[in-house]
Amino acid sequence: MRSSIKGLLFAGLLGAASLGLAVPAAAGPTLDAIKARGVIKVGVGTAPGFFSPDSNGRWQGFFVDIGRALAIAVFNDPEKVQFVSASPQQRLPALQSGEFDILLSAVTQTAVRSSKLGFHFGPVVFYDGQGLLVPKKLGVNKGSELNGATVCVQTGTTGELNIADFFRQNKATFKPVVIEETAEFRKAFTSGRCDVLTQDASDLAIARTQLPSPNDYVLLPERISKEPLAPAIRYGDDQWLEIVNWVVYATIQAEEFGITQANADEFLKSDNPSIRRFLGVDPVIGEAFKLDPKVFHTIVKTLGNYGEIFERHIGKATPVGFERGYNQPWTKGGLLYSPPFR
Ligand SMILES: N[C@@H](CCC(=O)N[C@@H](CS)C(=O)NCC(=O)O)C(=O)O
């Protein structure tokens with residue numbers, strides 16, 4: 001009897017929460033530190049298109065623009081963000097120790113990273129899979145033909161784990177050459193220390209364009225894993241996590257609405273209630289996050305929607321030339337899907 005009364009009380013509390021009674025978001029240590037410092041510290045990699053300094057030393061790229069969008073959310077200024085590259089091996093420990101506020105470095109969301117290792121992930125920003133890059137002269141068409149191959153993998157990546165699973169599953173053997181530094185990793189491949197380079201396919205496609213003779217190599221069409229690349233933050237700051245979540249969603253939602261850098265101001269006149277909330281004409285969402293009500297309008301006007309960010313840095317007209325593939329809005333058959341802005 002007593003326990004059922006308790007159960008009823010508990011159900012009542014849940015009901016109150018679902019009716020929208022305020023649950024105060026505790027100010028978290030990461031967001032506090034960011035505000036006190038005046039800049040967001042972002043860990044990145046070095047693959048051009050995703051993240052690389054241009055000839056003026058200014059960071060550019062698909063992941064870099066997500067960092068700038070966060071700087072708009074927190075400071076209303078896309079420049080209040082600092083990018084530092086670190087190897088895949090060093091990144092997660094550096095995030096854990098507070099060297100970064102977030103990793104925007106093509107990190108894959110996995111169960112162990114989300115539990116034992118103590119990281120939360122924001123929404124997937126790029127759906128990827130692990131690929132195999134091989135010299136054409138090897139004459140190989142699929143991974144199952146690679147029995148006995150020497151394979152270069154980068155230390156601390158999911159690639160290091162997946163490739164072992166792949167060969168085991170194929171009842172084949174391989175010799176891993178495990179290298180931490182990206183430049184050395186690629187050089188080991190071109191100098192013939194390994195037959196195969198394996199990593200996220202996006203990274204291999206970018207790496208291939210940078211090899212001395214790209215046409216001597218082929219990225220095999222198969223993908224041996226799922227690599228959902230997402231922003232990573234350490235445990236302990238709910239508010240920071242939700243800002244990260246909804247800034248990414250905003251870029252995705254803007255594309256679904258058809259709101260672009262060029263027409264963002266025009267959309268301010270829309271009488272669609274969802275769009276008015278999204279752009280802050282109706283301030284309810286910005287107020288809920290304790291952010292400038294126009295925050296998502298400013299992000300789209302400054303950086304563009306997800307599709308524009310994608311096309312500018314990694315799309316068909318860029319040197320890396322990626323297709324949208326899974327990275328399309330769900331309305332066009334892709335996997336990008338924002339929860340409602342309400
Ligand atoms: N997604 C994999 C690999 C991440 C990764 O290392 N990705 C590339 C980025 S495209 C990288 O950082 N390469 C080295 C670099 O850019 O310096 C993981 O989470 O373990």
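The model is predicted, so to speak of local features I need pLDDT of at least 70, side-chain atom pairs count only at pLDDT 80 or more, and totals for chains, interfaces and linings use all residues. Residues are numbered from 1 along each chain as its sequence is written, and side-chain values use heavy atoms, with hydrogens and water left out.

First, the division. The protein chain splits into domain 1 (29–127 + 229–319) and domain 2 (130–225), with bounds from an automatic or database domain assignment. Their centres, taken over C-alpha atoms, are 30 Å apart. Contact, meaning heavy atoms within 4.5 Å, links 15 residues of domain 1 with 14 residues of domain 2. Between them the two domains bury about 1100 Å², 55% of it on carbon and sulfur atoms. In domain 1, P48, P88 and Q89 lose the most area to domain 2, together 40% of what that side buries. Buried area here is the accessible area (1.4 Å probe) that two parts lose on being put together, summed over both.

On a 1 Å grid over the protein atoms alone, a cavity is a set of points where a 1.4 Å probe fits but cannot get out; a pocket is an open set with protein on both sides within 12 Å along at least five of seven lines; lining residues have an atom within 4 Å of a point. Grid points are joined across faces, edges and corners, and a volume is the space filled by probe spheres set on the points.

The largest pocket has a volume of about 450 Å³. Of its 22 lining residues, F126, Y127, D128, G129 and R223 lie nearest the centre. Why does the largest pocket lie between the domains? Because domain 1 and domain 2 both give residues to its lining. That lining has 9 nonpolar, 6 polar and 7 charged residues, where Ala, Val, Leu, Ile, Met, Phe, Trp, Tyr, Cys and Pro count as nonpolar, Asp, Glu, Lys and Arg as charged, and the others, Gly among them, as polar.

Last, the cavity. The whole structure has 1 cavity of 30 Å³ or more, and the largest cavity holds about 310 Å³. It is lined by 24 residues, with P88, R91, S105, A106 and Q199 nearest its centre. Domain 1 and domain 2 each supply at least three residues of that lining. By class, the cavity lining has 8 nonpolar, 11 polar and 5 charged residues.
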